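Q: I would like to learn how to read a few features of a folded chain, one after another. Could you take me through them slowly?

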Amino acid sequence: MSSREHRVPLPNSSYVSEVKRTCSALRESQKIEVSTIVIKRLLFSPSFCSSFKRVSGYHGLNFPLIFPSVLSEVNFLSVLSLLNFGSGYRVPLHRQTGRGAWDGIRALMFGLYLSSSTGQGDLLSAKGMQTISEQQIADLMSINLYVEQPHSGIPGMSISTLGGPLYDFVKLIATTLRETGQILEDLGDPNLGTFVVRSLREVDVANNSADPNAGVDVILSKLVGAFPAFRDMAMIDEQPVYCFKKALFLIHAIVIRFGNSNMPPFPLPNSSQIPVFTDNVLPSILVHLGVVDLSRSTAHGLHAIFPDASDKAKVNSRLALPPPLPNPHPQTGPDSEKSLPTEGPVLNEEQAYILRAAALDACERIVQVARSLDENCLKADQKWIQNITLPELDLWLWAVAKDRADYRALERFVLRDTVFF
Ligand SMILES: Nc1nc2c(c(CN[C@H]3C=C[C@H](O)[C@@H]3O)cn2[C@@H]2O[C@H](COP(=O)(O)O)[C@@H](O)[C@H]2O)c(=O)[nH]1
């Protein structure tokens, strides 16, 4: 936990409305603009219209694993969400392993789950989480923790020592697992899934409230209250800002996975108006698509970080249909230097929170504009635009960033040393 976090008060009313309110206030005070005109340009763009339904329809949360119980699956999704960070290590991860943060964490989760069923003890339990070593994490993610360094005394010779950015990433994972496992043990919970299911049982009453986000609030406040690794919030220029990306992702993942059954095993919150899971991808893509305008945001130097975004021709080509794929043969293994994604601007914590808040609020506005489109001005095959939801928009932005070759090449900003995204 950073010292900064100690100074941020937890929200004192509805957590979801505080997320939305503080992100909106920060976007405005930082002079980041999101106009109705640029939102409509996105909503009616060939890129958006041709890919939205396909790209936002595949959630990817059904894992090819056989879970012995519902609790075991809830626990898997919960720990996966706890570890859903590492975006700042995307480029070194691609260089070594050929995949980014999300795929790396998924590989780790599969490994932890499968080793747990081979008699080594349950590594996804509160106790097991505290025993996982850095080397075990690195092995399961195919990360080499050692870097070659020139020998100080013998010219031409090198020695390998523990280090490099991926060592830092692995240490963050190990610390997060240990800390969360310890808290669960202190609470008397055998694993994170048990904590989540207990919180879900309190959702029923909240679902009858007039506030559509009351159910999400119940679980969100419990996760954030109990675990530092979910306390994704900061003080920026004396204003609190709440993002809570991983906790919101966890809640929605459970709804997606168990929501389409007639008899869900526990009460599920309504997550249709859940704030987006704001990371580095969403703000970066929204800037590149000309929706989030940073040109007047000078206080923290954000106007200068993505110079390409003011190039009208580039924005227009991104809003058009995708160019044909240059490489039809996806490869596996480490990326070649040529196909490596380029590292985006490396930001500080304040800058990252401001951009993430702006993206969260931009998504709220995109959905509002979509809802208020004049029915009479929409063609029959455009009416669906009015009904897009926040989590669908999140998934579209996140997944389309990987779906198109020209979008994959767009820089995402980088913040290292965070466990929040
Ligand atoms: N806003 C938002 N952010 C998301 C996700 C996901 C996972 N998406 C899949 C899971 C369920 C969905 O339904 C998708 O199939 C990961 N991330 C974030 O991206 C970051 C970058 O990762 P990479 O580019 O790999 O290095 C990663 O640190 C993580 O913070 C999402 O959905 N929304």
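Q: Leaving out residues up to four places away in sequence, which residues does Tyr 242 touch?
A: Two residues are in contact if their C-beta atoms, placed from the backbone, lie within 7 Å. By that rule Tyr 242 touches Pro 11, Glu 18, Val 19, Thr 22 and Met 233, when residues up to four places away in sequence are not counted. Please keep in mind that this is a predicted model, in which local features need pLDDT of at least 70 and side-chain atom pairs count only at pLDDT 80 or more, while totals for chains, interfaces and linings use all residues. Residues are numbered from 1 along each chain as its sequence is written.

Q: Is Tyr 242 buried or exposed, and in which element does Tyr 242 lie?
A: A residue is buried if 20 or more other C-beta atoms lie within 10 Å of its own, exposed if 12 or fewer, and partly exposed in between, with the C-beta atoms placed from the backbone. Tyr 242 is buried, because 26 other C-beta atoms lie within 10 Å. Tyr 242 belongs to strand 4, where strands (E, at least two residues) and helices (H or I, at least four) are DSSP runs numbered from the N terminus. Met 233, which Tyr 242 touches, lies in strand 3 and is buried as well, with 22 other C-beta atoms within 10 Å.

Q: What lies between strand 3 and strand 4?
A: The loop between strand 3 (233-236) and strand 4 (239-242) holds Asp 237. As a general idea, most residues other than glycine have a negative phi. In Asp 237, however, phi is positive, near 45°, and this residue is exposed, with 12 other C-beta atoms within 10 Å. Asp 417, in the segment after helix 19 (405-408), also has a positive phi, near 65°, and Asp 417 counts as exposed because it has 12 C-beta neighbours inside 10 Å.

Q: How is the packing of helix 4 against helix 18 described?
A: Two packed helices are described by the angle between their axes and the distance between the axes. The axes of helix 4 (residues 46-56) and helix 18 (residues 390-403) come within 9 Å and cross at roughly 105°; axes are lines fitted to C-alpha atoms, for helices over the stretch in contact, and angles run from 0 to 180 degrees between N-to-C directions. That makes helix 4 roughly perpendicular to helix 18, since angles of 65 to 115 degrees count as roughly perpendicular, those under 35 as roughly parallel, those over 145 as roughly antiparallel and the rest as oblique. On the side of helix 4 the contact is made by Ser 51, Phe 52, Val 55 and Ser 56, and on the side of helix 18 by Glu 392, Leu 395, Trp 396, Ala 399, Val 400 and Asp 403. These residues divide into 6 nonpolar, 2 polar and 2 charged, where Ala, Val, Leu, Ile, Met, Phe, Trp, Tyr, Cys and Pro count as nonpolar, Asp, Glu, Lys and Arg as charged, and the others, Gly among them, as polar.
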